[in-house]
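Let's take a friendly walk through a protein model together. Have a look at the structure below, and then we will go through it piece by piece.

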Amino acid sequence: MPYGDAMSSRARTEERRAEIVRAALEVIAERGYRGASMAAIAERVGLTQQGLLHYFPTKDALLVAVLKERDQWDAVPDSQWRLDLLGSLVEYNAMRPGIVQTFSALLGESVTEGHPTREFFTERYVRVRATMAEALRAAYGERLPSGLSPERAAPLLVAVMDGLQYQWLLDPESVDMPGAFRDFLALLGEADAS
């Protein structure tokens, strides 16, 4: 196969994979994690289930690709998160329960040994904690008003965000996720004026 044909074939494969991930996001948003079957996703993109398995050999592999795509949506250039942007992210998540449900379900399952998303979430949380520490450092300097360092407070910040998502998914009428997150930010105290 000539070089140009190989490049073209690879580009078509990547385009098709991206199309499948977008379809999976749609199906998950409509039906939730458990209702998002490989057959439904395959049908959405005009493939047989066997054809879909050519691109993603398991539902878990496809769901990891969906999670990576979700993280791309939430990305901020140069990892310059600010606390106000985190509040906006929480508000945005409140508008996409299907994606939040998928993330939360896979996160819960990932704590078991050998789960296909365990490595993804482990690596993701290393990056997220570091990013949150930098956001806290940018807002407060080397110490928060409580005396905690940004590195000590970062896991707490992440835990609040994820914990609120679980509570909101279970009882959206009672849990105002964006409001509760703003309350948490108020508990952190005033940021440096610098």
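## A tyrosine to start with

Tyr-92 sits in helix H5, which covers residues 83-93. Helices here are DSSP runs of H or I with at least four residues, strands are runs of E with at least two, and both are numbered from the N terminus. This is a predicted model, in which local features need pLDDT of at least 70 and side-chain atom pairs count only at pLDDT 80 or more, while totals for chains, interfaces and linings use all residues. Residues are numbered from 1 along each chain as its sequence is written, and side-chain values use heavy atoms, with hydrogens and water left out.

Is Tyr-92 buried or exposed, or does it fall in between? Its relative accessibility is 33%, so Tyr-92 counts as partly exposed. The cut-offs are simple: buried means under 20% relative accessible area, exposed means over 50%, and partly exposed is in between, with a 1.4 Å probe and protein chains only. Tyr-92 also belongs to a nonpolar surface patch with Trp-73 and Met-95, and together they have about 350 Å² of accessible area. Patches are built from residues with over 30% relative accessible area and no salt bridge, where like charges are joined within 9 Å and nonpolar side chains (Val, Leu, Ile, Met, Phe, Trp, Tyr) within 5 Å. The areas come from the Shrake-Rupley method with a 1.4 Å probe, and for residues only the protein chains shown count as cover.

Helix H5 also holds Asp-84. Asp-84 is partly exposed because its relative accessibility is 47%. From Asp-84 to Ala-130 there are 46 residues in sequence and 17 Å in space, C-alpha to C-alpha.

## The whole chain

How many helices and strands does the protein chain have? There are nine helices and zero strands. Read from the N terminus, the order of elements is α-α-α-α-α-α-α-α-α. Along the principal axes, the C-alpha atoms fill a box of roughly 60 × 45 × 30 Å.

The protein chain has 194 residues, and 42% of them count as buried. Its accessible surface is about 11,000 Å², with 54% belonging to carbon and sulfur atoms. Among contacts in the chain with a separation of 6 or more, 60% are between residues 24 or more positions apart; a contact means heavy atoms within 4.5 Å.

## Charges and salt bridges

The chain carries 21 positive and 28 negative side chains, and the centres of the two sets are 4 Å apart. Lys and Arg count as positive and Asp and Glu as negative, while His and the chain ends are not counted. Each charge is placed at NZ of Lys, CZ of Arg, CG of Asp or CD of Glu. The whole structure has eight salt bridges, a salt bridge being a side-chain nitrogen of Lys or Arg within 4 Å of a carboxyl oxygen of Asp or Glu.

One of them joins Arg-16 to Glu-19, with the closest N and O atoms 2.7 Å apart. Both residues lie in helix H1 (residues 3-35), three residues apart, which is about one turn of the helix. Arg-16 is buried because its relative accessible area is 18%, whereas Glu-19 is partly exposed at 31%. Another bridge pairs Glu-26 with Arg-44 at 3.1 Å, N to O. Glu-26 is in helix H1 and Arg-44 in helix H2 (residues 38-44), so this pair ties together parts 18 residues apart in sequence.

## Around helices H7 and H8

Glu-151 and Arg-137 meet in a salt bridge of 2.6 Å, N to O. Since Glu-151 lies in helix H8 (residues 150-170) and Arg-137 in helix H7 (residues 118-140), the pair ties together parts that are 14 residues apart in sequence. A network of salt bridges links Glu-134, Arg-137, Glu-142 and Glu-151.

Ala-138 is also in helix H7, and its 62% relative accessibility makes it count as exposed.

Arg-17 is found in helix H1 and is partly exposed, with a relative accessible area of 27%. Which residues does Arg-17 contact, leaving aside its neighbours within four places in sequence? They are Tyr-55 and Phe-56. Arg-17 and Phe-56 are 39 residues apart in sequence and 8.1 Å apart in space, C-alpha to C-alpha.
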